[in-house]
Amino acid sequence: MKLTPRCWWDGPLDVENLAADAVEDVARAVAELSAARGRPVDVSTSPELIAGSFAAVDHLRVAGRTPAGWAPFSGFVQADDGWVRLHGNYPHHSDAVTSALGVLDRAQLEEVVRTMPADDVAAAITAAGGLAVVVLSEQQWRAHEHGRATAADAWTEVDVGAPRPLVATGSEPLTGIRVLDLTRVIAGPSCTQALACLGADVLRIDPPARPELLEQFLSNGMGKRSIEVDLTTDLDVVRSELLPQADVVVLGYRPGALARFGLDPATLQHDRPDLVIGSLSAWGEHGPWGTRAGFDSIVQAATGIADLYADGAGRPGALPVQALDHATGYRLAAALLDLLRAGHGGVVRASLLGAARTLLEQPRSTAPAGAAPLPAPPTHMVPSPYGPLTVTPLPFTVNHEHVVKAVAGYGEAAPRFDSALDPHDL
């Protein structure tokens with residue numbers, strides 16, 4: 001679906017077609033897997049569904065309430081010689097800013113950073129366990145050591161493993177598929193939400209010490225169940241009880257973070273060659289930044305996107321939606337479905353950096369803002385323990401029906417899969 005003209009969203013980059021391409025990839029994969037499992041379905045998409053899905057958090061309402069926006073320590077801050085992009089929505093990342101710079105509020109943050117070199121600010125916050133990068137131009141990123149090290153990397157890479165059976169499906173495209181979800185924020189949870197809404201039994205695991213932001217969970221939690229597990233004390237619940245039953249495992253923590261628990265891609269593939277594994281990263285899994293954490297907004301700032309979206313006064317900007325996250329989540333889902341259809345285990349690696357590189361390589365827009373009106377997205381009301389939620393459906397229809405499901409309570413599920421569970425009852 002080539003979208004022409006393509007300026008629903010303001011800015012020089014073709015965000016619309018990055019989104020459309022990713023959605024069409026997963027829609028194709030759903031149709032092919034369903035046919036291979038003996039129950040073909042009609043899968044299609046539309047501009048309205050794509051636009052709504054990529055702005056899902058903007059359309060989310062929790063019992064009629066609009067979710068909170070960015071935290072005080074998130075955003076662009078001007079340094080002595082440039083700009084720095086911080087992410088402080090999670091309490092531990094906000095605490096890292098306080099620890100690194102000795103600031104307690106936004107006003108102090110801006111006052112202190114204004115006197116420091118941008119490189120020093122980013123380095124201090126990163127060393128304290130926070131998330132911050134210097135805002136770079138495209139040219140500066142291409143010259144950056146990590147930009148050079150990853151310049152030839154594909155957005156998604158697949159390492160095919162051992163054969164696995166392809167079994168017949170039930171009432172939904174992914175009925176009977178069990179997915180262990182160790183992801184956070186948007187990209188990984190968007191991937192697993194798509195799998196859950198298509199009928200997979202998805203069980204999400206989060207650490208009790210650093211729970212997910214509730215509204216973040218609600219924005220991409222349709223159809224899943226979730227539990228909290230402290231891997232330092234209860235790893236056996238995952239490795240002995242859940243992993244042997246899983247068909248798919250999706251990992252969304254920074255590369256290397258789960259290796260000490262034997263939950264890294266290499267160990268999982270060694271132990272279960274037939275397992276389908278999704279490995280999501282911000283910066284890729286090699287190079288100087290290969291073990292760094294990162295978010296969509298942080299990757300935008302480092303790669304030159306924020307610089308391209310700067311205003312007339314030179315203040316950096318951002319894409320109108322979290323397109324790197326959503327597009328990568330759907331590309332990852334498509335590749336996982338392709339492995340299932342092919343009857344193979346394996347590892348699919350995907351990165352937000354790959355999405356940024358793909359977006360920057362596409363032809364630039366010359367259309368004026370508003371050349372095409374922003375499509376009005378459909379919304380649905382679904383139940384949750386936190387009150388009724390207004391949500392956008394998945395960005396494609398199945399047999400001409402919107403795909404939506406209820407949202408279960410965060411961390412409330414039993415620590416097991418339940419193949420008898422009807423996802424519609426969540």
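First, the ground rules. The model is predicted, so to speak of local features we need pLDDT of at least 70, and side-chain atom pairs count only at pLDDT 80 or more, while totals for chains, interfaces and linings use all residues. Residues are numbered from 1 along each chain as its sequence is written, and side-chain values use heavy atoms, with hydrogens and water left out.

Salt bridges, then. The term means a side-chain nitrogen of Lys or Arg within 4 Å of a carboxyl oxygen of Asp or Glu. How many salt bridges does the rule give? The count is 19.

Take Glu32 and Arg341. Their closest N and O atoms are 3.4 Å apart. Glu32 is in helix 1 (residues 15–36), Arg341 is in helix 15, and 309 residues separate them. Helices here are DSSP runs of H or I with at least four residues, strands are runs of E with at least two, and both are numbered from the N terminus. Glu32 has a relative accessible area of 32%, so it is partly exposed. Arg341, at 31%, is partly exposed. The cut-offs: buried is under 20% relative accessible area, exposed is over 50%, and partly exposed lies in between, with a 1.4 Å probe and protein chains only.

Next, Asp247 and Arg164. This salt bridge has its closest N and O atoms 2.9 Å apart. Asp247 sits in the loop between helix 11 (231–242) and strand 10 (248–251), and Arg164 in the loop between strand 6 (156–163) and strand 7, so the pair ties together parts 83 residues apart in sequence. Asp247 and Arg164 are buried.

Now Lys405. Where is it found? Lys405 is in the segment after strand 16. It is buried, at 4% relative accessible area. Its salt bridge partner is Glu172, with closest N and O atoms 2.9 Å apart. Glu172 lies in the loop between strand 6 and strand 7, so this pair ties together parts 233 residues apart in sequence. Glu172 is buried as well, at 11%.

On to the rings. Rings of Phe, Tyr and Trp (its six-membered ring) pair if their centres lie within 6.5 Å; planes under 30 degrees apart are stacked, over 60 edge-to-face, and the rest tilted. That rule gives 7 aromatic pairs. One of them is Phe54 with Tyr330: tilted, 6.0 Å centre to centre, 40 degrees between planes. Phe54 is in helix 2 (residues 47–54) and Tyr330 in helix 15 (residues 323–342), 276 residues apart. Phe54 and Tyr330 are buried. In Phe217 and Tyr410, the ring centres are 5.1 Å apart and the planes are at 75 degrees, so that pair is edge-to-face.

Tyr410 also turns up among the contacts of Arg184, leaving aside neighbours within four places in sequence. Contact means heavy atoms within 4.5 Å. Arg184 is in the loop between strand 7 (178–182) and helix 9 (187–197). At 12% relative accessibility, Arg184 is buried.

Strands pair if DSSP finds at least two bridges between them. Strand 2 and strand 14 (residues 389–391) are joined by 2 bridges. In one of these strands, strand 14, Leu389 is the bridge partner of Val62.
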